[in-house]
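Thanks for making time this morning; I would like to walk you through one model, going from a pair of strands to the cores, then to a helix and a few charged pairs.

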Amino acid sequence: MSAQVFYRKWRPQLFAEVAGQEYISRTLLNALASGRVAHAYLFCGPRGTGKTSMGRILAKALNCLTNGSGEPCGQCALCTAVTEGRAMDLIEVDAASNRGIDDIRSLREKVNYAPNESRYKVYIIDEVHMLSNDAFNALLKTLEEPPPHTVFVLATTEPHKLPATVISRCQRFDFRRISLSHASERLAHICQEEGVQAAPEVLAAIARASSGSLRDAENMLEQLAVGYGHELGFEQLREFLGLGGEEQVKDLTTAALKGDLAGGLAAIAQVANDGLDLHQFHRQLMQYLRGVLIQKAGGADTGDLPPEDLEGLRQVAAATSMEHILQAVKMFGQVDQREASYSTLPLELALVETVSGPSETAQRAQPETAQEVRHAAQPPGSGRTEPAPPPPPPAAATTELRAPETPATTQPEAEADTQPEAEVGVPIPAGPTPAEGNAVPEEPPGSVGDQGSPEMLERLVTGWRSVIEALKGKGHKYKVDALLRSGEPVSADAETVVLGFPYQIFVDRMNEEMENPGTRRELEESVGGVLGGRRQIRCMVAAKQKRTGGHLMKAAVEMGAKVVEDGG
């Protein structure tokens, strides 16, 4: 016979033993003492928080031969039968596998029979949210007015999926996640009974890794005890949980908040090279960022981080602004490392978004027009002069529709004929102007300044989301849809489409993926689905373009509206 696992062997047998749910235990004990036990209870909350255990304890308390109005004795024949799982009047139903209307009809028929040996028949329906709508409808009347000898306990982790008509017929109790202190105390008790030696810091780390589920914490403790013996230390815990990378966490946080993209990418690469669990690393990173945020806000809670890290948190928080910390927390908080547990791309994308994400201060400091970019990019003493901007048009009795500044690629043709076009963030090399007799060097085909057909580019920009969705889940080494979200179309004509990315690393990875003929073909076909006809795809480094207008702007202009620049 196999040995009983910890979470079954040490399942709570009394209300007082249920960790972290004192309010619920006290309410049920008062109901038993006053004889006001409800006919139906709804226990909802995260996994491993004691819902089913509480239902079993309630069944023992209702039928205990010694007491019957409080804590069960745990010694009588009925209490022992419930503990050993052979009580005939405790019926546990798994709604995940008995979810149909026929299963509920069978249950309704059996409810009317009197208990075999107890005062009450107790039905525990686990994962009740899995029942079908027809099954819920069949259960409603019985749930509202069951026979006087029957008590229902419905347990679920997703109460929002239950019909309101079911919830209203039950007394609802919400189970909370097990706190760090309660979980540590329970683990210490199990260690004492099982002869396992573990420092309080180790037990606290196990409790923290279980995310509020006592069952998960007990499973971890048992695996550690089986794998490493009865003396547990931090080294064994690190190896088991894939912990480590504290320095990389600090390096990545510091690089992200300072805008050091290369340093942050190096820290992520080091994590991958060391073979650390990326999901666990992401959890450590979010815990550290939370600590930085709390320190910046002047809070006392360090996010369950070790005390020796407190000074480091203060230094990192003091060296950056709250705005940058919030940006990092938001970007890295959106990472779902569970779906890409072996890929560093989600972390790298979050890093790039954190580093390059525009803040209000940066937007105010950044030049707003291509004309200002040319002046900023022109070296001192180059001798190059720029034509003065055209004077603002006279006021007219037409509807004014304000719009932000547009890139040089959308300037009037008169201005485009007299000066080369430039994109924000792409400086034009200094040199003599056309007026001095020298021709302006032509830009290479597909560059940012050459957008080919503006109509085609506008159509592709509008349908860019459908291109990304068509490539979802595709890719040999990297996720193509994730790469495409970081870029955008910058040029389109009858033969070629050029995609711009903010950094060379994304261009390299995109080119690597397009070396696969299948990926390239799917990308070209999805682009062709928007534009019509297959086109070649090229990738390049380009700053994101400011786009204005769209069909609403065009319609307003056609109706007589006048577009004026922001601020005038």
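This is a predicted model: local features need pLDDT of at least 70, side-chain atom pairs count only at pLDDT 80 or more; totals for chains, interfaces and linings use all residues.

**Strands, cores, a helix and salt bridges**

Residues are numbered from 1 along each chain as its sequence is written, and side-chain values use heavy atoms, with hydrogens and water left out.

Returning to the hairpin, β9 and β10 have three residues between them, and E488 stands opposite G500 in β10. With strand β11 (residues 536–541), β10 pairs in the parallel sense over six bridges, and there V498 stands opposite R538.

Are the two faces of β10 covered or open? Both are covered: T496, V498 and G500 are buried on one side, and V497, L499 and F501 are buried on the other, where buried means under 20% relative accessible area, exposed means over 50%, and partly exposed lies in between, using a 1.4 Å probe and protein chains only. In a regular strand, the side chains alternate between the two faces of the sheet.

Turning to the cores, the largest nonpolar core has 56 residues, and F332, L484, M510 and L523 have the most contacts inside it; such a core is a set of buried Ala, Val, Leu, Ile, Met, Phe, Trp, Tyr and Cys residues joined through side-chain atoms within 4.5 Å. Leaving aside residues up to four places away in sequence, L523 touches V467, L471, L484, M510, M514 and I537, contact meaning heavy atoms within 4.5 Å. Apart from that core lies another, of 25 residues, which includes F15, F43, I57 and V82.

Next comes helix α2 (residues 22–34), whose 13 residues should span 18 Å at 1.5 Å a residue, in agreement with the 18 Å between its end C-alpha atoms; the expected span is 1.5 Å times one less than the number of residues. Within α2, the buried residues are I24, S25, L28, A31 and L32. Seen down the axis of α2, these buried residues fall within an arc of 130°, so they line one face of the helix, the arc being that of the directions from the helix axis to the C-beta atoms. They pack against β1 (40–44), α3 (51–63) and β5 (171–174), and just after α2, G35 takes a positive phi of about 70°.

Finally, a search of the whole structure finds 14 salt bridges, each being a side-chain nitrogen of Lys or Arg within 4 Å of a carboxyl oxygen of Asp or Glu. One of them joins E194 and K9 at 2.9 Å, N to O, and this pair links distant parts of the chain, with E194 in helix α8 (residues 180–194) and K9 in helix α1 (residues 6–9), 185 residues apart. K9 counts as partly exposed because its relative accessibility is 43%. E525 and R534 also meet in a salt bridge, at 3.9 Å, N to O, and salt bridges that share partners join R520, E524, E525 and R534 into one network.

Methods:
Helices (H or I, at least four residues) and strands (E, at least two) are DSSP runs, numbered from the N terminus. Two strands pair if DSSP finds at least two bridges between them.
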